[in-house]
Amino acid sequence: MPNTIPPVTATDPSSAFLRLLTILDSLRTECPWDKKQTMETLRHLTIEETYELSDAILDGDLQEVKKELGDVMMHLVFYARIASETNDFTIVDVLNSVCDKLINRHPHIYGDVEVQDEADVKRNWEQIKLKEGNKSVLGGVPASLPALVKAGRIQEKARGIGFDWDNKTQVWDKVEEELAEFKNEYNTVDNEAIDIEKAESEFGDLIFSLVNYARFIGINPENALEKTNKKFIKRFQYIESKAQESGKALQDMTLAEMDVYWNEAKTLK
């Protein structure tokens, strides 16, 4: 006998969430694939789903955002379901834990602490985390974060306890200083051999300082770079399509020929 399918349409958040829990429970006990999954086997799939959500957000496709949010939420429920089988924790424990954390870290909402602005909120957040047992302000930055994202998070957390520049002019001066040091190590004028390790180190410093400046002026560097990636892909694929239309292989075209199509692509939205 097939399992009874929960109501097709839930009318409120509680019943919708219960429907998801019910479906995951039945899949875990009845579906051969779902029965085999562990937290480790789900991990890379969850990362993939998170990136798909990120893509949908950058594309401004809200219907796709809705779909990907559902996929991510399903994974979160799945992890809790697996943990409940070994009596480590349940979805109720997960939800209560995050609720308790939010209440504790927002004393300006659920307590008598007063704040003036967003900076005060972030500063309090980091101080509370240290009181909760975190050994370092930077301890909460995941080691596996992409380097560009990690740089931004490190800087935000340092700012949260007051370790920051006073204004963007100082930050830009630092960018120019790091650029000069990189150029010096890279020998952009002379044809002498360069010390790759030193040049790499200075290049890292330059990127870090640019991330810092982006943060100061309200630009998310990860989003900015990804939008540039997408823009490049779109324009390059335009060159490919035009080459195909003309019956030419891309590798047989001159750079001047490709530049013509590249400039055409720049005029398209």
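The buried residues of helix H3 pack against helix H2 (32–36) and H4, where buried means under 20% relative accessible area, exposed means over 50%, and partly exposed lies in between (1.4 Å probe, protein chains only). Those buried residues of H3 are Leu-42, Thr-46, Glu-49, Leu-53 and Ala-56. An α-helix has 3.6 residues a turn, so residues three or four places apart point the same way. The names used here for helices follow DSSP runs (H or I, at least four residues, with strands as E, at least two), numbered from the N terminus.

This is a predicted model, in which local features need pLDDT of at least 70 and side-chain atom pairs count only at pLDDT 80 or more, while totals for chains, interfaces and linings use all residues. Residues are numbered from 1 along each chain as its sequence is written, and side-chain values use heavy atoms, with hydrogens and water left out. The pLDDT value is the predictor's confidence in each residue, from 0 to 100. For this chain the mean pLDDT is 90, and 96% of the residues reach 70 or more. Among the elements of the chain, the lowest mean pLDDT (84) belongs to helix H7 (residues 118–131), and the highest (97) belongs to helix H4 (residues 62–85).

Helix H3 (residues 39–59) is built from 21 residues, and the distance from its first C-alpha to its last is 30 Å, close to the 30 Å expected at 1.5 Å a residue; the expected span is 1.5 Å times one less than the number of residues in the helix. Just after H3, Gly-60 takes a positive phi of about 70°. Helix H11, with 25 residues, reaches 36 Å between its first and last C-alpha, which is close to the 36 Å expected at 1.5 Å a residue.

H3 and helix H11 (residues 221–245) pack at an angle of about 80°, with their axes 11 Å apart; the axes are lines fitted to C-alpha atoms, for helices over the stretch in contact, and angles run from 0 to 180 degrees between N-to-C directions. The two helices H3 and H11 are therefore roughly perpendicular to each other, given that angles of 65 to 115 degrees count as roughly perpendicular, under 35 as roughly parallel, over 145 as roughly antiparallel, and the rest as oblique. Where they meet, Asp-55, Leu-58 and Asp-59 in H3 touch Asn-223, Glu-226, Lys-227 and Lys-230 in H11, with contact meaning heavy atoms within 4.5 Å. Sorted by class, this contact has one nonpolar, one polar and five charged residues; Ala, Val, Leu, Ile, Met, Phe, Trp, Tyr, Cys and Pro count as nonpolar, Asp, Glu, Lys and Arg as charged, and the others, Gly among them, as polar.

In H11, the buried residues are Arg-235, Tyr-238, Ile-239 and Ala-243, and the buried residues of H11 pack against helix H12 (255–266).

**Single residues around these helices**

Trp-33 is found in helix H2 and is partly exposed, with a relative accessible area of 45%. Leaving aside neighbours within four places in sequence, Trp-33 is in contact with Leu-42, Leu-45 and Phe-78. Ile-82, placed in helix H4, counts as buried at 11% relative accessibility. With neighbours within four places in sequence again left aside, Ile-82 is in contact with Arg-28, Gln-37, Thr-38, Met-39 and Leu-42.

Asn-87 lies in the loop between H4 and helix H5 (91–104), and at 73% relative accessibility Asn-87 counts as exposed. The phi of Asn-87 is near 60°, a positive value in a residue other than glycine.

Glu-48 lies in helix H3 and counts as partly exposed at 42% relative accessibility. Glu-257 has its place in helix H12 and, at 28% relative accessibility, also counts as partly exposed.

| Pair | Apart in sequence | C-alpha to C-alpha |
|---|---|---|
| Trp-33 and Arg-43 | ten residues | 15 Å |
| Glu-257 and Ala-243 | 14 residues | 9.4 Å |
| Glu-48 and Val-72 | 24 residues | 9.5 Å |
| Ile-82 and Asp-205 | 123 residues | 43 Å |
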